[in-house]
Each structure stands twice: as structure tokens, then as C-alpha cells.
Amino acid sequence: MKDLKVREFRGYFVINGTRVGLPDKHGRFATKQEAVAEAKRLVAKHTLGIVQQPTSERVNGDAAIEMFMAKQESRVQGGEISATSRDNIKRVIDNQVRNLRIDGVAFGRLDLEAVFRSNVKDDLETLILNQLKTMGADHKATSIKTWFIHTKHFLGYCKNRGWIEANPLAGAKLVIEQEEIEDKIAPFIQPGVVKAVLAELDKESLTHRAMVWLSAETGIRQQEARALKWGDIDIERGTIRINGAVKSGVLEIGVTKTKRGKRAVAYGSTFASLVKELFMAARDKSDDALVFPTASGKPKSRKTLHRLAKRVGERAGHPDWQWGFFRHAFASMQLAGSGADWTKVSEAMGHHSSAFTEKQYGHTIHLDEKHE
């Protein structure tokens, strides 16, 4: 097979991978050399039968896992996910999926087509969920939820490749001790709900509108937003530099919550428009002046932001809306858009590690099958 074609697309290089079962804009490479190298690797894998298998060929569990992890490695090489995200997926595959047993047979030895049939979907769902819960007897419910999500993702991949007739976890819910394990915040941060809340900002002041949109577009913590200074904003580049945070219980600016809290974050078009208007209206435009000050030039109080969030939430029909939901919504959208790349989202949110990001948000994020 000839090498796959490489071309420039929106400032980076992509591979036309249609001949090996991948998208026509596969990957995101900084240089043409990197893209060409990956294209050659994909061709070599295709020749060995790793990238694409005939749908008529029966596949066992071990082979499916090998090809699924090869896909994750390809996503790392293409810049779609980080190595840390791949390692997190591999950990679940090795520790949970490989240890599943159906009719006494280890997952790796299963003839997938013979086992995963539509007429036994419900039985398989119960069997797999019970085994995941048994494995997690000494773990938190949120850890089991993460295992559930990655197992579902893997089985969805198998179904898309034609190796199984049905994904038994499609549409399944994880219930532990008669309680469905889900994030109580999840219903609030659905795109339609967030959009409805943001639509109610037209009745608020320019400062309040700008603060909300900054939070929604960057995931900035409320204490970081209250400490933001004009010198931290690069209006030309559309970025903010987070250098500090208002201390809890007082109106003084201190260090960020974590060492990685000091970071640069790009903001969106709505805040870009509002911040220019805000700068023009600001009485003090010096680098050390606060972007969102009180009349006395001090940081706004935490209560002010909570009251603001409650007001707009009530007008949108969601009286339980909280300021922190803007940060959760940002995390949800970023993870969905990046294929659950915990490292990238962790950096944007200023968490001390990607493992913490996954622990905090892993159970709230529905991994659809767009990357499978």
C-alpha cells in the first residue's frame, strides 16, 4: 500500500486515513515530518492487520483489546489525547475488562461474536455490572463509575468494528445499593440548561455579565476571577494569565489554590467583546488594578457571586443554580471536545494533577462513541 496523504489544515497537519478505516482528517500534527512519520506507521499497522480487520473475521477478547489500545496509541501520536489519558484507559482495560468472566471463561479467550448477541444483551449487562461492582467492593462508587465508562467505551468500539452484535452497556445505568451513581450536578450542566442561564444575563450589569462569561469560557475559579488584574489580560491575544486568588474569608489576594493554578487560558468571543467594553469603562486601567472591583477598588465578595448565580438561575427556571456550575460546565464541554483528555483539561483548570481531574469529573462525563 502507498503512503497515506498528508496535508495542512487550519494551521496544523492531518492525515487522510480513509484507506485504513480512519477519518480523512486524522490527527493534529505540528509539523509535516511528524504527520508523515505517523502515516507510515499507520500503513505498517494496516499491513499487519492491526488498523482494520475484515468485519467477517471473528475476533477474540485479547485481539480486540490489542486493537483498541493500538487505536488509543494512535490517538496519542495524533495529539488527540495525552499519554496519561491512554494510561488511564489501559489501567481499566487491564485491571477490570481482562478480569471479566462470562460463563467461566476469561474475557481474553471469548469469541466475541458468539457471546455478545442481542438476545442476551440484558443478561450480559447484569453480569458485567455485577462483576465491576464486585471488583470495586473496596473502592469508591465514583471509581466504579469510571471503570463502567471505559468498559462501555471499549465495547462500543467493538460494536462499531462489527465484532459484536450488541453493546450490553449501551443505555445501562450503574446502580449501587439501590442508588444510581451519577453526578448530582450533571443535570444542571447540560448545554441547554447552561445556555438558558446565560441568556438571562442581559438584565445584569456589564461587570457581572463579563464575570459570568469569563467563568463559562475559561473554567476560572471564582476566587481567581475576583483577583484578576488588567495586567493579567492580553486583549490582543485573547488570553488571561492567572497569577493569584482571593483568600478564603478575607478580601486579600494571595497565591493560587495549587502550584499549577498559575496558568494562561484562552477565552471565547463573548468575553472578548465584553472585556473591551469593560476596559473602556474602567476608572483605573493600570496593570495592578482589578478587572472586577467593588466601588472602593477591593475584590468582590464571594457572596456577591453566589447571589448573582442564584438570580440568573432563578430567572432561567433553575433556582438551585450555583456559581461553581459554570466551572463544571466548562470541564464537561472541554472533556467532551477533547475525547476525555484529562491532562489538557487539568492544565486549563489549574488542577494539581490529571488524576485529580479524572477523579473529580470522570463520573460526570458521558463518553460518547465519536472517538471509537
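This tour moves through selected residues and strands of the structure above. The model is predicted, so that local features need pLDDT of at least 70 and side-chain atom pairs count only at pLDDT 80 or more, while totals for chains, interfaces and linings use all residues. Residues are numbered from 1 along each chain as its sequence is written, and side-chain values use heavy atoms, with hydrogens and water left out.

Select Phe68 and Phe154 to begin. Among ten aromatic pairs in the structure (Phe, Tyr or Trp rings, the six-membered one for Trp, with centres within 6.5 Å; planes under 30 degrees apart are stacked, over 60 edge-to-face, the rest tilted), Phe68 and Phe154 form an edge-to-face pair, 5.2 Å centre to centre with 75 degrees between the planes. The pair joins helix 2 (residues 61–77) to helix 6 (residues 141–160), across 86 residues (helices are DSSP runs of H or I, at least four residues, and strands of E, at least two, numbered from the N terminus). Both Phe68 and Phe154 are buried (under 20% relative accessible area, with exposed over 50% and partly exposed in between; 1.4 Å probe, protein chains only).

Next, select Trp321 and Phe325, an edge-to-face pair at 5.2 Å and 90 degrees. Trp321 is buried at 2% relative accessible area, and Phe325 is buried at 6%.

Proceed to Glu217 in helix 8 (residues 206–218). The side chain of Glu217 reaches the backbone nitrogen of Thr270 at 3.3 Å.

Ile233 stands opposite Ile240 in strand 9.

How values were computed: Polar contact = N/O pair within 3.5 Å; in protein donor to acceptor, adjacent residues only side chain to side chain. Pairing = 2+ DSSP bridges.
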